[in-house]
Amino acid sequence: MTITAPPAAQTRRARRDLFPSRPIPAAETALAELTISRSNGLAPMVGERTTLPGLVLTPHVTGEVLRYTGNWILTHARSGRRVSPAASFLHTREAVVWLENRGVDWDRPTADILADPAASSAFEELDFAMYCAQDAGRPLVYARTSWVDWPPLWRVHHRGGVSDEGFDTFEAAADVAWSACRFPGDEPGMYPSSVIRRDEQSPGWALRCASIACTDRDSFYVDAWDGDRPAVDSRAVLERMAWDSGWRGHGHGHWTCPNCTRQYPTRGA
Ligand SMILES: [Zn+2]
């Protein structure tokens, strides 16, 4: 067997790409160096800037020889002190959202923050709120409630008959009707004299993941049989189907999808 070495960097640019020596401009990275403060001294760290000036997201470290634990914390960049308890990455991202609502200015010297009662109560209450969220294996904050009352659908009517298929928009129904006009007989139940009307009743409910990690587009529960359209049904039916698919309910109309649920481990599990 012959092992061939990769071709050596022949040009100046290739060598530069292989062995960069210039720091990435600050505008092109959210990472910043800092020094964390622990009871036995100081240690180097790299943190990711957050939407809260003064606070950075850092890996959680502990042990007689400091090592990563796999959890994350929010750290006060100037002092290197911990602001949020050790938690999963998603829980720590949620801690940022939780603190955004407290209106505390963290971009201040340590002495100012320690003397600020609003900062101390935010620190203590976040600690307790995170403990409760971790204990229950649920999000610390929710992006939304999960139940969506689906708007009435558009259907094609013809001589007293109504299409089984409903459409979310008039345009979607019109596309099919337009095709039926051009190619009569291709679309069952569609005729040039058909009329598109909107139902008066909602077809039911849809279920969305309540986590901040789920964006609008992919946050709905989808039944595999329906392709990529959100499943719409009664709440009882959706709850049963979603639960069987790994979704979990957290009370007060909040559900999380399987991907997010995995990031909310129950304490001790
Ligand atoms: Zn989700």
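**Exercise 1. Find the residue of strand E2 that stands opposite Ser37 in this predicted model.**

Solution. Start at Ser37 and look across to E2: the residue facing it there is Leu42. Next, take in the two strands as a pair. E1 and E2 (residues 41-49) run antiparallel and are joined by eight bridges.

**Exercise 2. Work out the strand order of the sheet and name its edge strands.**

Solution. Begin with the order, which reads E1-E2-E3-E4-E5 in an open sheet of five strands with antiparallel pairing. Then look for strands that pair on one side only: these are E1 (31-38) and E5 (81-82), the edges. Finally, see what lies against the sheet. Helix H2 packs on it, touching E3 and E4, and the direction of H2 makes about 5° with that of E4.

**Exercise 3. Describe the largest nonpolar core and say which element gives the largest share of it.**

Solution. First, the count: this core has 22 residues, and Leu55, Leu74, Ala95 and Leu99 have the most contacts inside it. Second, the suppliers: strands E3 (55-62) and E4 (67-76) and helices H2 (89-100) and H4 (117-136) each bring at least two residues. Third, the largest share: H4 provides it, with five residues. Now turn to a separate, second core, which has 17 residues, among them Tyr142, Ala206, Leu238 and Trp247.

**Exercise 4. List the domains and find how far apart the C-alpha centres of domain 1 and domain 3 lie.**

Solution. The domain assignment gives domain 1 as 29-136, domain 2 as 154-198 and domain 3 as 205-261. Between the C-alpha centres of domain 1 and domain 3 there are 31 Å.

Methods: Residues are numbered from 1 along each chain as its sequence is written. This is a predicted model: local features need pLDDT of at least 70, side-chain atom pairs count only at pLDDT 80 or more; totals for chains, interfaces and linings use all residues. Domain bounds come from an automatic or database domain assignment. A nonpolar core is a set of buried Ala, Val, Leu, Ile, Met, Phe, Trp, Tyr and Cys residues joined through C-beta atoms within 7 Å. A residue is buried if 20 or more other C-beta atoms lie within 10 Å of its own, exposed if 12 or fewer, and partly exposed in between; C-beta atoms are placed from the backbone. Helices (H or I, at least four residues) and strands (E, at least two) are DSSP runs, numbered from the N terminus. Two strands pair if DSSP finds at least two bridges between them. Two residues are in contact if their C-beta atoms, placed from the backbone, lie within 7 Å. Axes are lines fitted to C-alpha atoms, for helices over the stretch in contact, and angles run from 0 to 180 degrees between N-to-C directions.
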